[in-house]
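Let's take a friendly walk through a protein structure.

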Amino acid sequence: MNTLMGNPTTEKLLPLIDAAAEVGAEYFCIDAGWYAEGHWWDTVGEWLPAPGRFPGGITEVIDHIRERGMVAGLWLEPEVIGVNSPLAATLPDDAFFSRRGIRVAEHGRHLLDLRSPAARAHLDSVVDRLVADYGVEFFKMDYNTMTGAGSDLNGEAPGHGLLEHNRALLRWLDAVQSRHPNLLIENCASGAMRMDYAMMSRLHMQSTSDQQDPVIYASIAAAAPASLLPEQAGNWAYPQAGMEPELLTLSLVNAILGRMYLSGYLNRMSPDEVEMVREGVAAQKVVVADIERSHAFWPLGLPGWEDSWVCLGLDVADHGAYLTVWRRPGAGEQVVLPLPTLRGTELSVASFFPSRQAGWDWSWDAAAGELTVTVSIEAPSARVLKLEVAR
């Protein structure tokens, strides 16, 4: 996301793979660009590794991912064919969206119409080949094309063509999952451009945004469970070498109460920075063990885009609750978090991530059911707290 930016090579990937393994990552996805020698936007479609990027073959990189104990993944945008791809000339016209007899082209791409047997056969061969030949077990499926109202093939209304394409896409995904039941698929969709429960009833995770500013991302991460299961909410953590320690911590905090998507040049970090990332990854794994039994709550209400204090909680049945609190620029030093369901209880509050409390303090008013959080260090800053009811 904010690292190789669509320009992966063996030389660049190997140290990143080693660094990801060292902090405890479980999956490593080779991002966009692996299939083209240079500019790739309008040539996509065949999904063959570019020899110039991988002199020893892409299997060298994928094997290294596995050797480091991680699952190998690839970025894929299956529904598009670049206007300069050989497939634009070899696939039949009815394999593409069209309007008034003209194939739709948007920003250098055509969109496959998955009602077409030829379009589906092409995508089946791509997925089956990548799984069989390279052992890929994760796909980051993207969708960056905005082709308008749909396809009016055979004189139908464009909206009807779009609806039928989307239904065909869902059937195709069902068939992929049936053939490859161990395959994990993320719905990237241009940073959640196509996030709905037709897709999310099939796909495992959703990238919640392409936003790269960790301070802005706080509101996205906090609001995501309002429309997405917490265990499907793929929130980006963007730690970078040389970040101020509190900003680096906040960038990791963003991803703790969801599914952590980790980016950044971990191989360039200091030992202290690496240790903080390692601690964040470990904390997220603890949350993931409980997350399917959790439900979200918002002590301050759903966050506004520019709110100075932002808060998200996950209530885990019999395991207490996790509470993420963000203090962004412009916030005062203190915030009161109403927790009415815990009123009258004896509550234990501890710093879950990071383990150091430094600069943060809190007090619990059982009679009022309010947790007061006081922060003495400068914003931006964030913490994940663990709440446990005394028994």
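In which crossing, right-handed or left-handed, does α4 pass α5?

## Two helices side by side

This is a predicted model, so please read everything below as a description of a prediction. The answer to the opening question is that α4 passes α5 in a right-handed crossing.

Two packed helices are described by the angle between their axes and the distance between the axes. Here, helix α4 covers residues 117-134, and its axis comes within 11 Å of the axis of α5. The two axes cross at roughly 30°. Angles under 35 degrees count as roughly parallel, and therefore α4 is roughly parallel to α5.

Rolling a probe the size of a water molecule over the atoms shows where empty space is left. In this structure, one cavity of 30 Å³ or more turns up. The largest cavity holds about 70 Å³ of space.

Which helix gives the most to the lining of the largest cavity? That is α5, residues 158-179, with three residues. The lining includes L169, W172 and L173, along with others such as M141, Y143 and R194. Sorted by class, this lining has eight nonpolar residues, three charged ones and one polar one.

## The largest pocket

Next comes the largest pocket, with a volume of about 880 Å³. It is lined by 32 residues, and the closest to its centre are Y27, F28, C29, Y261 and L262.

Helices α1 (10-22) and α10 (271-291) each supply at least two residues, and so does each of the strands β1 (27-30), β7 (138-141), β8 (184-187) and β11 (259-262). By class, the lining of the largest pocket divides into 21 nonpolar, six charged and five polar residues.

Now find the open sheet of three strands, where the order is β15-β18-β17 and the pairing is antiparallel. Which strands are at the edges? They are β15 (334-338) and β17 (360-365), each of which pairs on one side only. On average, neighbouring strands of this sheet are turned by 20° against each other, with direction ignored.

Strand β18 spans residues 370-375 and runs antiparallel to β15, and five bridges join the two. For V335, the bridge partner in β18 is V373.

Key. Residues numbered from 1 in each chain as written. Predicted model: local features only at pLDDT ≥ 70, side-chain atom pairs only at ≥ 80, totals over all residues. Heavy atoms only, no water. Pairing = 2+ DSSP bridges. Helix = DSSP H or I, 4+ residues; strand = E, 2+ residues; numbered from the N terminus. Axes fitted to C-alpha atoms, helices over the stretch in contact; angles between N-to-C directions. 1 Å grid on protein atoms, 1.4 Å probe; cavity = no way out; pocket = protein on both sides within 12 Å on 5 of 7 lines; lining within 4 Å. Points joined across faces, edges and corners; volume = space filled by probe spheres on them. Nonpolar A, V, L, I, M, F, W, Y, C, P; charged D, E, K, R; others polar. Parallel < 35°, antiparallel > 145°, perpendicular 65-115°, else oblique. Left-handed = near helix turned anticlockwise from the far one by under 90°.
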